[in-house]
Amino acid sequence: MAPPYTGAVTLGTVSNGFLDGLAIPVAANTRLLMVFSTTATGLTLITATAGYGSAGVSII
């Protein structure tokens with residue numbers, strides 16, 4: 001993610017990520033699931049993240 005979340009994160013902070021060039025073979029009739037998660041380390045007062053995630057998949 002850019003920029004990465006560090007320290008106290010204020011309301012409305014936005015971070016983006018992009019990964020291109022993957023070539024993962026997927027057999028016909030296979031279901032795909034995209035998972036978005038957050039992880040906190042050290043002293044954590046609040047460990048929940050609210051927002052939205054989106055992704056695109058191109059199947060050739």
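**Notes on a predicted model**

1. Start with Ile24: this residue is exposed, at 62% relative accessible area (exposed means over 50%, buried under 20%, partly exposed in between, with a 1.4 Å probe and protein chains only). Ile24 also belongs to a nonpolar surface patch together with Leu19, Leu22, Val26, Leu32, Met34, Phe36, Val57 and Ile59, about 1000 Å² of accessible area in total.

2. A word on the basis: this is a predicted model, where local features need pLDDT of at least 70, side-chain atom pairs count only at pLDDT 80 or more, and totals for chains, interfaces and linings use all residues. Residues are numbered from 1 along each chain as its sequence is written, and side-chain values use heavy atoms, leaving out hydrogens and water.

3. Now Ala55, which counts as exposed at 52% relative accessibility. Beyond its neighbours within four places in sequence, Ala55 is in contact (heavy atoms within 4.5 Å) with Met34 and Phe36. Its C-alpha atom is 9.3 Å from that of Phe18, 37 residues away along the chain.

4. Last, look at Asn29: its phi is near 70°, a positive value in a non-glycine residue. Asn29 is exposed too, with 82% relative accessible area.

Note on methods. Patches are made of residues with over 30% relative accessible area and no salt bridge: like charges are joined within 9 Å, nonpolar side chains (Val, Leu, Ile, Met, Phe, Trp, Tyr) within 5 Å. Accessible areas come from the Shrake-Rupley method with a 1.4 Å probe; for residues, only the protein chains shown count as cover. A salt bridge is a side-chain nitrogen of Lys or Arg within 4 Å of a carboxyl oxygen of Asp or Glu.
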